[in-house]
Amino acid sequence: MAIGSGLGAQLGIAAETTYGTFVAPTKFVEFTKESLALKKTTAQSAGIAAGRLLALSSRRVVTRKEVSGSIELEVANKGMGLLLQALMGTTVTPVQQGAGPAYLQTHTLADTAGKSLTIQKGVPLTTGTVTDKTFLGCKVTSGEFSCGVGEMLTATYEFDGKDCDEGQTLAAASYSNQSPFHFGQMALKTGTFGSEAALDGIRKVSVKIERPQDVERFYANQSALKKEPISNDQVKITGSLESDYVATTLDDLHTSDGATSLVWEFVGPLIAATYYETFRITLPAVKLDEGPPVVDGFGVVKPTFNFTALYDGTNQPKIEYISVDATL
């Protein structure tokens, strides 16, 4: 029996071959919070019956079902590949680095067609019995990463899903030893693409990647369920840089509306040879929207620069992840 509280909860994920078709979870993520839930739309009959004062229970129907919610977690040195693939869209096969156990995943921005997940949630009753809620056809609609002074690198993934199936067998959760990326490993670089240099004074960074999709594909013959969402707008990548005003580098870019390549990376312990645990976001063209410095007291001036990532015409945004994971 599990502990009869959130201490006994679990989340398992698996990549689906066909949208909305169950695949038994094989990866289990250590999460900090989740809000995945079934949403149903109902219709109640308004029929008049002589003398009836209350609507009839049998004349209420469920007209559509869907899933929405989010998962918050710390970005760890293992097990992040399936979520990154669902966010970025590229089909990724980890590439061995050298002859050792280090594997590189390169998640380049692409369409997310065909990239859906089965997410199985185990929710404990107070008795210790863990109930199963299996969410099918989960598509990532956004992913946001954030890390500041003294913090771990965290991620929040927003999902749209097809249905909730409570008739599956809850998979037995298993976990490998993991460690989170954190501020002590963080670097922020800007400059010409491919030769970015470290930027001083950065205290906190956040990056949000939004994947707009038509999530209203409800048709006849679908039993109140939707078909796979389709991308219906350009990807939106935004973020912020919280800093001390140690130089005018960002301020000058804001004034000129010039573009810079931005590399945000975390480099952890050595895996083998010259390959280290790594999480890296590369945005080849970033423009600053807001953030000129203002003085609001006696303290150090601390501007926050908000930015938008754009296409430089050649290089796509990407997330690189080096770990010991030989598969996603």
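Predicted model: local features only at pLDDT ≥ 70, side-chain atom pairs only at ≥ 80, totals over all residues.
Buried, in this talk, means under 20% relative accessible area, exposed means over 50%, and partly exposed is in between, with a 1.4 Å probe and protein chains only. By that rule Arg280 is buried, because its relative accessible area is 19%.

Residues are numbered from 1 along each chain as its sequence is written, and side-chain values use heavy atoms, with hydrogens and water left out.

First, the whole chain. Of its 328 residues, 43% count as buried. The C-alpha trace spans about 80 × 50 × 40 Å along its principal axes. The chain exposes about 16000 Å², and 52% of that comes from carbon and sulfur atoms. Those areas are from the Shrake-Rupley method with a 1.4 Å probe; for residues, only the protein chains shown count as cover.

There are two helices and 21 strands. Helices (H or I, at least four residues) and strands (E, at least two) are DSSP runs, numbered from the N terminus. A contact means heavy atoms within 4.5 Å. Among contacts in the chain with a separation of 6 or more, 71% are between residues 24 or more positions apart.

Now helix 1, residues 81–88. Is this helix enclosed or open? Eight of its eight residues are buried, so helix 1 is largely enclosed by the rest of the structure. The buried residues include Gly81, Gln85 and Met88. Just after helix 1 comes Gly89, with a positive phi of about 105°.

Thr41 is in strand 4, residues 37–44, and counts as partly exposed because its relative accessibility is 32%. Leaving aside neighbours within four places in sequence, Thr41 contacts Val61, Val62, Thr63 and Arg64.

Asp163 counts as buried, because its relative accessibility is 13%. Not counting residues up to four places away in sequence, Asp163 touches Leu38, Lys65, Val67, Thr134, Phe135, Leu136 and Leu225.

On to charges. Lys and Arg count as positive and Asp and Glu as negative, while His and the chain ends are not counted. The place of a charge is taken as NZ of Lys, CZ of Arg, CG of Asp or CD of Glu. The chain has 28 positive and 35 negative side chains, and the centres of the two sets lie 10 Å apart.

Side chains of opposite charge can pair when their charged atoms come close. A salt bridge here is a side-chain nitrogen of Lys or Arg within 4 Å of a carboxyl oxygen of Asp or Glu. The count comes to 15 salt bridges.

Take three of them. Asp160 bridges to Lys226, with the closest N and O atoms 2.8 Å apart. Asp160 is in strand 10 (residues 154–161) and Lys226 in the loop between strand 15 (213–214) and strand 16 (230–231), so the pair ties together parts 66 residues apart in sequence. Asp160 and Lys226 are both buried.

The side chains of Asp233 and Lys236 also meet in a salt bridge, at 2.9 Å from N to O. Asp233 is partly exposed at 45% relative accessibility, and Lys236 is partly exposed at 36%.

Then there is Arg280 again, in a salt bridge with Glu265, with 2.7 Å between the closest N and O atoms. Arg280 is in strand 19 (residues 275–290) and Glu265 in strand 18 (residues 260–272), 15 residues apart, and the pair links distant parts of the chain. Glu265 counts as buried, at 9% relative accessibility.

Salt bridges that share partners also join Arg64, Glu66, Asp160, Glu216 and Lys226 into one network.

Last, the aromatic rings. Rings of Phe, Tyr and Trp (its six-membered ring) pair if their centres lie within 6.5 Å; planes under 30 degrees apart count as stacked, over 60 as edge-to-face, and the rest as tilted. How many aromatic pairs does a search of the whole structure find? It finds six. In one of them, Phe145 and Tyr157 have ring centres 6.1 Å apart and planes at 90°, so the pair is edge-to-face. Phe145 is in strand 9 (residues 130–148) and Tyr157 in strand 10, so the pair ties together parts twelve residues apart in sequence. Phe145 is buried, with a relative accessible area of 1%, and Tyr157 is buried, also with 1%. Ring pairs link Phe145, Tyr157, Phe181, Trp264, Phe266 and Phe279 into a cluster.
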